[in-house]
Amino acid sequence: MLVLVAPGQGAQTPGFLTPWLDLPGAADRVAAWSDAIGLDLAHYGTQADADAIRDTAVAQPLLVAAGILSASALGDVTPGAVAGHSVGEFTAASFAGVLDDTTALQLVRKRGLAMAEAAAITQTGMAALLGGDPEVTVPHLEKLGLTPANVNGAGQIVAAGTLEELAALEADKPEGVRRVVPLKVAGAFHTRHMAPAVATLEEAAAGLAPADPTVTYVSNKDGRTVATGAEIVSRLVGQVANPVRWDLCMETFQELGVTALIEVCPGGTLTGIAKRALPGVKTLALKTPDDLDAARALIAEATEATA
């Protein structure tokens, strides 16, 4: 059983969209999306530097556009399940037919702007903790005033909070944590600091008419599958200020019988976690179009096994 997943903010690197724009029709699609959301996606995906694409209002639609573009390059694929990490949930909602491509990008553009505004209120950030036991780490974070904003599985937790709280974490690591690695994000996402963005996104989503998913959709909120488009959109809105439970998503993948996992562009982060947390599952990250043939072969293998 194939699971198609989409990465979250922090996965972007300068120029990562460049090779994808050479695919037939890709540049035109990206230009149309850019017009629809008022943001030059091609510029930011090919020419902008790391600081420019770190901007939340830029990074989020850029990642969703890249995910949709790379997934469509795979051809006619029907995965057994889809999921996305944080903003990648919008990409997954597009995969599942809940939102059309343009609507997903328009909504995520508003999400990015709202989260950037919320992040500007207080200087906040996020950092990945490498190593440690979650039962020890989580209480330690809470003692420092930090939130375990991403519980990613395979022993990886991402802490979020003010820059002062993160500095205190660096000076006072939980037992067993080897390193604290700052992430390329501009705020404490999936924490109370994002509450103002939730209200903005609720208003933006109010007029949507989402379709029910055509494939199994797994939610970051609790790792559960969600059967209606209305509930998926409601979760997309609330998830801005709720922790991402990617560990629970992977548990659901296992329960569904996952045998292969493909991460769309800019892939690498989620496949890295899956290699540690889902032993025996074949993984592939779409980094450039050079990875497409291997991805199609893995899809064919997974489809044949399911049949």
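Is T162 buried or exposed? T162 has a relative accessible area of 13%, so it counts as buried, the cut-off being under 20%. Keep in mind as you look around that this is a predicted model.

## T162 and its surroundings

T162 belongs to strand 5, which covers residues 156–162. If you set aside the neighbours within four places in sequence, T162 is in contact with T122, Q123, T124 and H193.

## The nonpolar cores

Now for the cores. The largest nonpolar core has 76 residues, and the members that touch the most others are Y217, I262 and L286. Helix 4 (residues 56–72) gives this core its largest share, nine residues. Another core lies apart from it, with 18 residues, including W246, F253, L278 and V281.

Beyond its neighbours within four places in sequence, L286 is in contact with W20, S70 and L74, with the run I262, E263, V264, C265, P266 and G267, and with D291, L292 and A295. Two of those partners, C265 and P266, are joined by a cis peptide bond, with omega near -5°. P266 sits in the loop between strand 9 (260–263) and helix 12 (269–277).

## Helix 1 and its two partners

Helix 1 (residues 26–37) packs against helix 6 (residues 101–121) at an angle of about 45°, and their axes are 9 Å apart. That makes the pair oblique to each other, because an angle counts as roughly parallel under 35 degrees and as roughly perpendicular from 65 to 115. The crossing of helix 1 and helix 6 is right-handed. On the helix 1 side the contact uses R29, W33, A36 and I37, and on the helix 6 side D101, T102, L105, Q106 and R109. Sorted by class, that contact has four nonpolar, two polar and three charged residues.

Helix 1 also packs against helix 4, this time at an angle of about 150° with the axes 11 Å apart. The two are therefore roughly antiparallel, as angles over 145 degrees are classed that way. Their crossing is right-handed. Here A26, R29, V30, W33 and I37 of helix 1 meet P61, A65, I68, L69 and S72 of helix 4.

How many residues of helix 5 are buried? Eight of its eight are, so to speak, under cover: helix 5 (residues 88–95) is mostly covered. The buried residues are G88, E89, F90, T91, A92, A93, S94 and F95.

S86 is not a glycine, yet its phi is positive, about 60°. S86 is found in the loop between strand 2 (81–84) and helix 5, and at 10% relative accessibility S86 counts as buried. After helix 5 comes G97, also with a positive phi, near 80°.

## H190, another positive phi

H190 is a residue other than glycine with a positive phi, near 65°. You'll find H190 in the loop between strand 6 (177–182) and helix 9 (195–205). With a relative accessible area of 1%, H190 is buried.

## C249 in helix 11

Which helix holds C249? That would be helix 11, residues 246–256. C249 counts as buried, at 0% relative accessibility. Leaving out neighbours within four places in sequence, C249 is in contact with V218, S219, N220 and G223.

One distance may be handy if you are tracing the chain here. C249 and D291 are 42 residues apart along the chain, and their C-alpha atoms are separated by 25 Å. D291 is also one of the contact partners of L286.

How values were computed:
Residues are numbered from 1 along each chain as its sequence is written. This is a predicted model: local features need pLDDT of at least 70, side-chain atom pairs count only at pLDDT 80 or more; totals for chains, interfaces and linings use all residues. Side-chain values use heavy atoms; hydrogens and water are left out. A nonpolar core is a set of buried Ala, Val, Leu, Ile, Met, Phe, Trp, Tyr and Cys residues joined through side-chain atoms within 4.5 Å. Buried means under 20% relative accessible area, exposed over 50%, partly exposed in between (1.4 Å probe, protein chains only). Helices (H or I, at least four residues) and strands (E, at least two) are DSSP runs, numbered from the N terminus. Contact means heavy atoms within 4.5 Å. Axes are lines fitted to C-alpha atoms, for helices over the stretch in contact, and angles run from 0 to 180 degrees between N-to-C directions. A crossing is left-handed if the near helix is turned anticlockwise from the far one by less than a right angle, and right-handed if clockwise. Ala, Val, Leu, Ile, Met, Phe, Trp, Tyr, Cys and Pro count as nonpolar, Asp, Glu, Lys and Arg as charged, and the others, Gly among them, as polar.
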